[in-house]
Amino acid sequence: MASNQSYNVKFFSGEEVPLELHKVRIVQKLNLIPIEERLKAIVEGGFNTFLLTTKTVFLDMLTDSGTNAMSDNQVASMLRADDAYAGSQSYMRLEEAIQQVFNCKYFLPAHQGRAAENIISRVFIKPGDVVPMNYHFTTTKAHIELNGGTVLEIYTDEALKVKSKHPFKGNMDIAKLEQIIKKYGASKVAFIRLEASTNLIGGQPFSIANMRAVRKVAKKHAIMVVLDASLIGENAYFIKQRETEFKNKSIKQILHEMIGLVDLTYFSSRKVSSTRGGGICTNNKEIHNKMKDLVPLFEGFYTYGGMSIREVEAMAIGLVETLDETVISQSPKFIRYMVNELERLGVPVVTPAGGLGVHIDAGQFLAHVPQAEYPAGALAAAFFLISGVRGMERGTISSVRDANGNDVLADIELLRLAMPRRVFTLSQVKYAIDRLCWLYKNRKLVGGLKFYEEPPVLRFFGGKLKPTSPWPQKLVAKFRADFGDSL
Ligand code: F0G
């Protein structure tokens, strides 16, 4: 296929429709249960969408992690898995895929992204070190801190603006990076971390121009650059769409350009290759050797790294499919459709549309709910209640209390509605839009939440909350008044 091929399909009507360039051959029946049963489910789950079972969920938009649809070729490849503890041929195929897609000679497998973060942090972080990054991810920050390091976020002024037209909100602020190196000294900077399609600010990409600028600073001070490539396919797609220099380049050329600008790349395969697992790759033998011994210690033998061999096979195929623009653009196109519709209908949503999912600005949506009563958590629970759509809180509940036990209010309160690749149909997306609009119209009925069970670490996973007033019952009554006996 020509590298400058356009994958857009224009409709005669002029309507912008993200046409599916795949067909569905294996299906899973979904449950859309009555709102009264959903009320019971969310009460039992402590108003925490992580604690719901999928029996009660209609559209699972919690995450794209391990939930993207696999291709026919991926599933087929699992049958030829060469189950061997050491030296499996499946692993050889994975190494070839790493070479082809990431242009990297050396690879270390890991059971998922955070396992790669464990290895990298243990090897490269000393107590007192700092790690500048465009924005943190929860597991990344936890591993860096566990090893005595401190995360420094050096995003641009545009990054946290909910409404923006900036094509690359994931860019790093180069002037701030220079200041940090000057302040702490290059020897204290363990590495600079760039996260593709930056998760916690709404799946926002960075540009290659920005990567080049980061590289230049890093080179000047001999600092290693680490790339979190969990969502690199989407970032490469946005570069092709939004950075003129790369308009006519293939996804493969863009990926190679990106990887060529860093010293070490790691990823969660639960995202990038629509499988499970993870890994670390580099072209620097010295860097590779420093980490190598930790793989058999924490993960498993070098040729499976905690993954099943079936997963290794499917990962190899999934990685190569990352080079196919119709695969990696599917989720961003559905996200763009949903964001455009929500914007048109006046629902506060993060713009421009990014990768991973649609991010609703809960701070604005529930402006009457104080931040100390967790508006993003309340919105996630309320949206599940009225629609059966499960999203994820990405706000104050997802952050950690300070040393005095006080809540640290998040920079932005978001409800994330993930769009796993090739999983949902457009009418399902329309349903989510419709119910969100109804909820926005009835937003004043939604109140806050407070914890009654709060784990000391990663509280967003297991914590339980209750409403500060009987608002869920009022919401159910209004739903019935407006929708009658509709599910
Ligand atoms: N880095 C990024 C950017 C991620 O989004 C994730 C996971 C990880 C690392 C950790 O990888 O889950 O395989 O251990 N993100 C998931 C999410 C959990 O829902 O966004 P993992």
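Let's start with the buried residues of helix α8: they are I232, G233, E234, N235, A236, Y237, F238, I239 and K240. By buried I mean that 20 or more other C-beta atoms, placed from the backbone, lie within 10 Å of the residue's own. That is nine of the eleven residues of α8, which spans residues 232-242, so the helix is largely enclosed by the rest of the structure. The cover over those buried residues includes α7 (208-220), α9 (251-259), β7 (264-268), α10 (269-272), α14 (325-328) and α15 (330-344). Here, helices (H or I, at least four residues) and strands (E, at least two) are DSSP runs, numbered from the N terminus.

A quick word on what we're looking at. This is a predicted model, where local features need pLDDT of at least 70 and side-chain atom pairs count only at pLDDT 80 or more, while totals for chains, interfaces and linings use all residues. Residues are numbered from 1 along each chain as its sequence is written.

Now, please find the ligand. It is surrounded by 15 residues, and the closest are T63, Q112, G113, R114 and S268; a residue counts as near if its C-beta atom, placed from the backbone, lies within 6 Å. Two or more residues of this shell come from each of α4 (113-124) and α5 (138-146). What is the shell made of, by class? Ten of its residues are polar, four are charged and one is nonpolar. In this scheme Ala, Val, Leu, Ile, Met, Phe, Trp, Tyr, Cys and Pro are nonpolar, Asp, Glu, Lys and Arg are charged, and the others, Gly among them, are polar.

On to a pair of helices. α1 (residues 35-44) packs against α17 (residues 375-387) at an angle of about 150 degrees, their axes 7 Å apart. That makes the two roughly antiparallel, a label for angles over 145. I35, R38, L39 and I42 of α1 meet A381, F384, L385 and I386 of α17, where contact means C-beta atoms, placed from the backbone, within 7 Å. Seven of these contact residues are nonpolar, none is polar and one is charged.

Finally, let's step back to the domains. The chain divides into domain 1 (35-64 + 327-483) and domain 2 (72-323), with bounds from an automatic or database domain assignment. Between them, 22 residues of domain 1 are in contact with 24 of domain 2. On the domain 1 side, the largest share, three residues, comes from β9. That side has nine nonpolar, eight polar and five charged residues.

Methods:
Buried ≥ 20, exposed ≤ 12 C-beta atoms within 10 Å, placed from the backbone. Contact = placed C-beta atoms within 7 Å. Axes fitted to C-alpha atoms, helices over the stretch in contact; angles between N-to-C directions. Parallel < 35°, antiparallel > 145°, perpendicular 65-115°, else oblique.
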